[in-house]
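Colleague: I am new to this structure and would like a short tour. Could you show it to me, please?

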Amino acid sequence: MRLYAVVAAGGFRRYATYRVATAAGVFTNTVFGFIMAYAYIALWDERPQLGGYDLSQAVTFVWLGQALLMTCAMMGGGFEDELIERIRTGDIAIDLYRPADLQLWWLAGDLGRAAFHLLGRGVVPLLLGALAFDLALPASPLPWLAFLTAVLLGVVVSFALRYLAALSAFWLMDGAGVLQVTWLAGLFFSGMLLPLTLFPGALGELARLLPWSSLLQIPADVLLGKRTGWGLVHAYAFQLGWAAALLAAGRLLQSAATRRVVVQGG
C-alpha cells in the first residue's frame with residue numbers, strides 16, 4: 001500500500017505545479033457560481049421550497065457544485081486522456097507487466113488529483129460564495145466529516161466510471177466519444193445543472209438511482225442535513241455499492257484487455 005500512497009502524493013504534486021491553471025480555474029468556478037446562484041435565486045423566488053430546498057440551501061447547492069466540479073471530474077480532466085493515449089500507442093503493455101495493479105495505480109493517482117482540486121479549486125469558491133450569500137453551512141464539524149466521506153466515495157465512483165470509459169479504447173481505438181458521453185451524463189445526472197429532486201416522475205427516480213448521483217447530489221444532501229441517521233447509512237451504502245460494482249466491472253474489462261494484449265503480443 002505504500003506504493004499507492006506515493007502514487008497518490010505524486011498525483012497531488014503533479015497538479016499542484018499548474019498554479020496559473022489553478023488560479024484560472026478558481027476564477028472560472030467563482031464566476032459560474034455567481035451566475036448560477038442568481039439564476040437559482042430567481043427560480044426560488046418564484047417557487048419557494050422547490051425540490052425540498054429553501055433558498056439558502058439551493059444557493060449552497062450551487063457553490064458545492066462548483067467546489068466538486070473538478071474534484072469529482074464531472075467534466076473530465078483526470079487520468080483518462082493519458083490512459084487512452086497509452087492504449088492507443090501500445091505503451092499500456094508496459095504498464096500491464098509492471099509489478100503493480102493497474103487499476104489501483106490509476107485510482108491512487110486520481111485520489112491525489114481529487115485532493116488537490118478539492119483544496120486548490122474547491123475551498124476558495126465556496127468561501128467566496130459564503131461571503132456573498134447566506135449559505136446553509138453547518139457549524140458543527142460532524143456534518144463536514146460526513147460530507148468529506150461522501151465526497152471520497154463520490155470520487156471513487158467517478159474514477160470507476162471514467163476507468164471503464166477509458167478501457168473502451170482497447171476495442172474502439174479511441175475512447176474520446178465514450179468519455180464525452182460519460183461527461184455529459186455526469187453533468188446532467190450528478191445534479192450539477194439542477195438538483196435531482198427537481199426532475200419529474202420516472203426521470204427523477206431513474207436519475208437518483210444512477211451512479212452519477214454519488215458525485216454531487218448525495219454529498220450535497222449530506223452537508224445540507226438531508227441525509228442523517230439511517231438515511232446517511234443508506235447514502236453511503238448506495239455509493240459503496242456502485243463503487244464496488246463499477247470497480248469490479250473495470251477489473252473484468254481490464255482482464256479481457258490484458259488477454260487481448262497477450263494474444264496480440266504473442
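Modeller: Let us begin with helix α1 (residues 2–16), whose 15 residues reach 21 Å from the first C-alpha to the last, close to the 21 Å expected at 1.5 Å a residue. Helices here are DSSP runs of H or I with at least four residues, numbered from the N terminus, and the expected span is 1.5 Å times one less than the number of residues. This is a predicted model, in which local features need pLDDT of at least 70 and side-chain atom pairs count only at pLDDT 80 or more, while totals for chains, interfaces and linings use all residues. Residues are numbered from 1 along each chain as its sequence is written, and side-chain values use heavy atoms, with hydrogens and water left out.

Colleague: Which residues of α1 are buried?

Modeller: They are Y4, V7, A8, G11 and Y15. These residues sit on the same side of α1, because they cover an arc of only 100° around the axis, the arc being that of the directions from the helix axis to the C-beta atoms. Buried means under 20% relative accessible area, exposed means over 50%, and partly exposed lies in between, with a 1.4 Å probe and protein chains only.

Colleague: And what does the face turned away from the buried side carry?

Modeller: That face of α1 carries the exposed residues R2 and R13.

Colleague: Changing topic, how many salt bridges are there?

Modeller: The count comes to eight, where a salt bridge is a side-chain nitrogen of Lys or Arg within 4 Å of a carboxyl oxygen of Asp or Glu. One of them joins R162 and E80, with the closest N and O atoms 2.9 Å apart. Since R162 belongs to helix α7 and E80 to helix α4 (residues 80–89), this pair ties together parts that are 82 residues apart in sequence.

Colleague: Are R162 and E80 buried or exposed?

Modeller: R162 counts as buried at 1% relative accessibility, and E80 counts as buried at 0%.

Colleague: Which other partner does R162 meet in a salt bridge?

Modeller: R162 also meets D110, at 2.6 Å from N to O. D110 lies in helix α6 (residues 102–132) and R162 in helix α7, so this pair ties together parts that are 52 residues apart in sequence. D110 is buried, as is R162. Through shared partners, salt bridges join E80, D110, R113 and R162 into one network.

Colleague: What about R88 and E85?

Modeller: Their side chains form a salt bridge as well, at 2.6 Å from N to O. Both residues lie in helix α4, three residues apart, about one turn of the helix. R88 counts as partly exposed at 48% relative accessibility, and E85 counts as partly exposed at 36%.

Colleague: Now the aromatic rings: how many pairs does the structure hold?

Modeller: It holds 16 aromatic pairs. Rings of Phe, Tyr and Trp (its six-membered ring) pair if their centres lie within 6.5 Å; planes under 30 degrees apart count as stacked, over 60 as edge-to-face and the rest as tilted. The pair W144 and F147 is edge-to-face, because the ring centres are 6.0 Å apart and the planes stand at 85°. W144 is partly exposed, with a relative accessible area of 25%, whereas F147 is buried, at 5%.

Colleague: Which residues do ring pairs link into a cluster?

Modeller: That cluster consists of F34, Y38, W63 and F133.

How values were computed: Helix = DSSP H or I, 4+ residues; strand = E, 2+ residues; numbered from the N terminus.
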